[in-house]
Amino acid sequence: MVVRMIYWAGLLRSQATLAMTKKKEARNDVGFFYSSLRGKAEAIQPKHKAKYMAGYFYIMFSERNGTLYVGVTSDLVKRVYEHKDKTFGGFSAKYGTDKLGYYEIYDSIEEAIKREKAIKGSSRARKMKLIESVNENWDDLYETLLR
């Protein structure tokens, strides 16, 4: 009796796993899936697409008029968290650039890289002017990304 119950539980579990896998494959085939919000279906784009990936250009800072870090990424929330967590023990960990001061969104990562190169080659004053154009109090914009 116990052996049969274990067998049936395992069979049900494997059937449920198979059904979930098929559902995920169907979502990936379509390119998006609909959230389970009641009364409203909201299209959610997949995180990564083969030919299209959004890019972000951003500037991190340590404190007002302090050290600046210019970067580019395809996942801004994750990358800013990595700066705050000092995940990679590099420049940001050494100089404490853990506050998001400015960012721009691009249709492709290539466009964001071009912008990053242009700004990295420019003066510190220009970078500070960019931050102050949208963030005159030098607040950490990371919280606004999470809303």
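Is Lys86 buried, exposed or partly exposed? At 37% relative accessibility, Lys86 counts as partly exposed. Here buried means under 20% relative accessible area, exposed means over 50%, and partly exposed lies in between (1.4 Å probe, protein chains only). The model is predicted: local features need pLDDT of at least 70, side-chain atom pairs count only at pLDDT 80 or more, and totals for chains, interfaces and linings use all residues. Residues are numbered from 1 along each chain as its sequence is written, and side-chain values use heavy atoms, with hydrogens and water left out.

The chain contains 6 helices and 5 strands. Both are DSSP runs, numbered from the N terminus; helices are H or I with at least four residues, and strands are E with at least two. Along the sequence their order is α-β-β-β-β-α-α-β-α-α-α. The chain has 147 residues, and 27% of them count as buried. Its accessible surface is about 10,600 Å². Carbon and sulfur atoms hold 55% of that surface. Accessible areas come from the Shrake-Rupley method with a 1.4 Å probe; for residues, only the protein chains shown count as cover. Contacts were also examined, a contact being heavy atoms within 4.5 Å. Among contacts in the chain with a separation of 6 or more, 60% join residues 24 or more positions apart.

Strands β3 (55-61) and β4 (68-73) pair in the antiparallel sense over 6 bridges. Two strands pair if DSSP finds at least two bridges between them. Phe61 stands opposite Leu68, which belongs to β4. The two strands, β3 and β4, form a hairpin with 6 residues between them. In the turn, Asn65 has a positive phi of about 60 degrees.

Helix α2 spans residues 76-85 and includes Leu76. Leu76 is buried, at 3% relative accessibility. Leaving aside residues up to four places away in sequence, Leu76 touches Tyr56, Tyr58, Leu100, Tyr103 and Leu145. Leu76 and Gly55 lie 21 residues apart in sequence, and their C-alpha atoms are 8.4 Å apart in space. His83 is also found in helix α2. This residue, His83, is buried, with a relative accessible area of 2%. The side chains of His83 and Ser92 make a polar contact at 2.5 Å. A polar contact is a pair of N or O atoms within 3.5 Å; within protein, one must be able to donate a hydrogen and the other to accept it, and residues adjacent in sequence count only if both atoms are side-chain atoms. With residues up to four places away in sequence not counted, His83 touches Tyr58, Met60, Tyr69, Ser92, Thr97 and Asp98.

Side chains of opposite charge can pair when their charged atoms come close. The whole structure holds 6 salt bridges. A salt bridge is a side-chain nitrogen of Lys or Arg within 4 Å of a carboxyl oxygen of Asp or Glu. One of them joins the side chains of Asp140 and Lys84 (2.4 Å, N to O). Asp140 lies in the loop between α5 (124-134) and α6 (142-145), and Lys84 in helix α2, so the pair ties together parts that are 56 residues apart in sequence. Asp140 is partly exposed at 24% relative accessibility. Lys84 is partly exposed too, at 28%.

Asp98 forms a salt bridge with Lys86, and their closest N and O atoms are 3.9 Å apart. Asp98 lies in the loop between α3 (91-95) and β5 (99-106), whereas Lys86 lies in the loop between α2 and α3, so this pair ties together parts that are 12 residues apart in sequence. Asp98 counts as buried, at 19% relative accessibility.

Lys120 forms a salt bridge with Glu116, with 3.3 Å between the closest N and O atoms. The two residues, Lys120 and Glu116, are 4 residues apart in helix α4 (residues 109-120), so about one helical turn separates them. Lys120 is partly exposed, at 47%. Glu116 is buried, at 11%. Elsewhere, salt bridges that share partners join Lys86, Asp98 and Lys99 into one network.

In helix α5, the buried residues are Lys127, Met128, Leu130 and Ile131. Seen down the axis of α5, they fall within an arc of 150 degrees, so they line one face of the helix. The arc is that of the directions from the helix axis to the C-beta atoms. These buried residues of α5 pack against β3, β4, β5 and α4. The face of α5 turned away from the buried side carries the exposed residues Ala125, Lys129 and Ser133.
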